[in-house]
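Try each one yourself before you read the solution.

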Amino acid sequence: TVGLEQLVAFFGTPSRYLLARRLGLQLPRGPQALEDDEPFVDSRATRRALADRRLPVLLAEDPPAAWAARALARAGVELPAGAVGEAWLAREWEALQAFAATLRARTGQPALAPHAVQLDFDLDGEAWRLHAAFPAARPDGLLGWRYDDLYASDHLRAWITHLAWLAGGVPAGAAPRSTWCGRHGTIGFEAVAQPAAQLRALLQLYRSGLAEPLPFFPRAAWALVCGKGASDARQIWTGRTGAAAVAGERDDPAHALAWRGRGDPFTEGCAAFEATAHAVLDALRDHLQPA
């Protein structure tokens with residue numbers, strides 16, 4: 001038996017999920033140096049902290065006055081000081097208001113009654129069951145959001161949830177559609193042929209990934225299947241050095257530990273990585289409807 005959130009979490013980082021589920025190891029995401037000076041530029045963490053405080057009040061039926069909302073935005077310690085922080089706040093304030101307006105427009109219809117499904121699968125003679133719950137579906141389908149750029153993990157979450165939504169039987173009064181809103185765009189999925197078969201294939205990979213490391217690395221796989229191809233995928237895996245240094249996906253401690261002694265999957269198991277990437281992402285890519 002597996003829950004939908006477990007399946008989504010697995011494909012977010014299979015190596016990390018394997019270590020946590022089978023060995024009870026909770027590893028840090030990577031080295032995090034302490035900040036030793038004040039912030040002078042925005043960051044994902046800054047935007048996330050501001051959105052956590054401001055978005056709920058902007059989505060309320062009676063949002064506060066503009067001055068009160070801006071005071072709430074200044075309540076934390078994430079903003080750069082002085083004119084730099086005020087300029088950044090003004091720009092981010094407009095973006096967050098636009099995001100909230102988009103969500104209010106999409107949530108104008110009343111939510112349907114909570115809907116839960118149980119899907120049974122036969123995996124090579126083993127009986128598996130997938131549980132999924134959809135507490136806030138609307139007549140125009142499922143809606144999800146996150147105030148950030150949409151990454152490979154967001155696409156995977158939206159896709160796997162959409163497959164379960166269709167495979168379980170869309171309830172009366174709801175459209176067979178899913179929409180996921182991000183900071184700079186919206187993605188969606190509609191009709192999918194044989195969604196249960198698509199889920200079964202993902203569950204097969206999930207079962208394999210509980211026994212041994214699965215050669216699936218979301219960021220690199222996304223670059224291979226939905227980006228610029230193998231060279232882009234390799235750079236995301238290895239990272240960049242020099243003045244514009246960026247950590248690679250292989251620097252995740254979970255990958256380093258799970259693949260220790262097995263060799264670099266991009267050199268000794270590249271065919272397996274490519275096959276798994278296509279098995280997970282090809283159908284997602286083919287059904288993706290960006291807006």
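**Exercise 1.** How much space lies in the largest cavity?

*Solution.* Keep in mind that this is a predicted model. Start with the search of the whole structure, which finds one cavity of 30 Å³ or more. Next, read off the volume: about 30 Å³ of space lies in the largest cavity. Then look at the lining, made up of Arg-106, Asp-140, Gly-141, Leu-142, Leu-143 and Thr-179. Finally, sort these residues by type: two are nonpolar, two polar and two charged.

**Exercise 2.** Describe how the rings of Phe-10 and Phe-11 are arranged, and say whether the two residues are buried or exposed.

*Solution.* A pair of aromatic rings is described by the distance of the centres and the angle of the planes. Now check burial, where the cut-off is under 20% relative accessible area. Phe-10 has 0%, so Phe-10 is buried; Phe-11 also has 0%, so Phe-11 is buried.

**Exercise 3.** Why is helix α8 (residues 218–226) described as largely enclosed?

*Solution.* First, list the buried residues of α8: Pro-218, Ala-220, Ala-221, Trp-222, Ala-223, Leu-224 and Val-225. Seven of the nine residues are buried, so the rest of the structure largely encloses α8. Last, find the cover: it includes α1 (4–12), α2 (14–23), α6 (152–167), α9 (230–238) and α11 (270–287).

Key. Residues are numbered from 1 along each chain as its sequence is written. This is a predicted model: local features need pLDDT of at least 70, side-chain atom pairs count only at pLDDT 80 or more; totals for chains, interfaces and linings use all residues. Side-chain values use heavy atoms; hydrogens and water are left out. Buried means under 20% relative accessible area, exposed over 50%, partly exposed in between (1.4 Å probe, protein chains only). Helices (H or I, at least four residues) and strands (E, at least two) are DSSP runs, numbered from the N terminus. Contact means heavy atoms within 4.5 Å. On a 1 Å grid over the protein atoms alone, a cavity is a set of points where a 1.4 Å probe fits but cannot get out, and a pocket is an open set with protein on both sides within 12 Å along at least five of seven lines; lining residues have an atom within 4 Å of a point. Grid points are joined across faces, edges and corners, and a volume is the space filled by probe spheres set on the points. Ala, Val, Leu, Ile, Met, Phe, Trp, Tyr, Cys and Pro count as nonpolar, Asp, Glu, Lys and Arg as charged, and the others, Gly among them, as polar.
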